[in-house]
Amino acid sequence: MRDTLLIALFAFLGAAAAGVLGACVLLLIRRWTLTAHLAVVAAVAVTAMLAGTLAVARAMFLSAHDLTVVTTVVAMAAVVSMATALLLGRWVVARSRDLALAARSFGEGGEFAAPAGPATAELVAVSRELQATSRKLAESRDRERALESSRRELVAWISHDLRTPLAGLRAMAEALEDGVAADPERYLGQIRTEVERLNDMVGDLFELSRIHAGALTLSLSRMSLYDLVGDALAGADPLAREHGVRLVDDRVESVPVEVDGREMSRVLGNLLVNAIRRTPADGTVAVAAERSAEGVVLSVTDGCGGIPEEDLPRVFDTGWRGTHARTPPAGAGLGLAIVRGLVEAHRGTATVRNVTGGCRFEVTLPTAEA
């Protein structure tokens, strides 16, 4: 038993010395290829065995013949181990190089495609993560292109809408300045109307910039949707009378919600103004508010005749104004974008769908906690 313990001690000391040396070598070559690291690991394993054997032999526990036999066996094992380590290292490096080339393709704007052929579990996991990242990048690029397109359209439409009233204001101001205005009071009234329109446009741009910049601060309070709808209908009634449109409340329940009253009134006002302007004379705009499985649903239904199905996904985009984009009453195309931004700030959703004779805008808000 004592001899066995001594053999184990000398073998451990020799192997430990080889292991320490191997660790130092790995530290020095830590920036080298994986093939080099695998070769060092294989060399350490064989060297540790040989060192332990030599330590035992020096302590005279092995005869010269036995030492020769063991050394020969270890040498053959070293040859096989080194060859296996080099082959494995080259294979892993080749798979890693293929993965790097595939990753470079989607990094330059393409789509990631996992390299063909077998690979280690770790490389397969990396491929899956790269595929997921590639999908996210593609979605992000699509969103960026859509936003850039919306920004270009917005700039074009805003430029058009600003040019017309500014040209009119300049012409009326010059007429008043030269004293050639036949009816100065009418000119002054028209100037005021155009200035208010420009002021509304600038206000919408400012509100939208706050939403996109994340600078919107909500002051939430508990209130009833019945009161919000009533105030919004009262505010939109003059415009509805001017356009010959009837405003009706349809199933407006007294449902409590936690909202910013001022911002939610703006949401309702924008939806009602949009619906009134799109509904022909003698048409009807209906407002409803009721509970649902998702929360509280507030809807505005108009008589616009419907929106083309291909345009429905763009209705809430910044600057979108449909087929009547150049008509002055259509505004700058910011109202519905502001609606979506304000609703999402309240942790809700805004959607639109076609119904018989028109379309229905729905705002879903979380139900107030009891």
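Visitor: What is the mean pLDDT of the protein, and what share of its residues reach 70 or more?

Guide: Where pLDDT is low, the predicted coordinates should not be read in detail. This is a predicted model, with a mean pLDDT of 79 for the protein, and 86% of its residues reach 70 or more.

Visitor: Where is the pLDDT below 50?

Guide: Look at residues 324-330. Beyond near neighbours in sequence, that stretch has 11 contacts in the model.

Visitor: Now to helix packing. How do α6 and α7 pack?

Guide: Two packed helices are described by the angle between their axes and the distance between the axes. Here α6 (residues 225-243) and α7 (residues 261-278) pack at about 30°, and their axes are 9 Å apart. Angles under 35 degrees count as roughly parallel, so α6 is roughly parallel to α7. The crossing of α6 past α7 is right-handed.

Visitor: Which residues make the contact?

Guide: From α6 come L228, V229, A232, L233, A236, L239, A240 and H243. Their counterparts on α7 are G261, M264, S265, L268, L272, V273, I276 and R277. Sorted by class, the contact of α6 with α7 has 12 nonpolar, three polar and one charged residues.

Visitor: Let's finish with a single residue. Where is the place of R314, and why is R314 called partly exposed?

Guide: You will find R314 in the loop between β5 (295-301) and α8 (335-345). Its relative accessible area is 28%; partly exposed lies between the buried limit of under 20% and the exposed limit of over 50%, so R314 counts as partly exposed.

Visitor: How far apart are R314 and S150 in sequence and in space?

Guide: In sequence, R314 and S150 are 164 residues apart, while C-alpha to C-alpha they are 9.5 Å apart in space.

Methods. Residues numbered from 1 in each chain as written. Predicted model: local features only at pLDDT ≥ 70, side-chain atom pairs only at ≥ 80, totals over all residues. Heavy atoms only, no water. Axes fitted to C-alpha atoms, helices over the stretch in contact; angles between N-to-C directions. Helix = DSSP H or I, 4+ residues; strand = E, 2+ residues; numbered from the N terminus. Parallel < 35°, antiparallel > 145°, perpendicular 65-115°, else oblique. Left-handed = near helix turned anticlockwise from the far one by under 90°. Contact = heavy atoms within 4.5 Å. Nonpolar A, V, L, I, M, F, W, Y, C, P; charged D, E, K, R; others polar. pLDDT = per-residue confidence, 0-100. Buried < 20%, exposed > 50% of the residue type's maximum accessible area, 1.4 Å probe, protein only.
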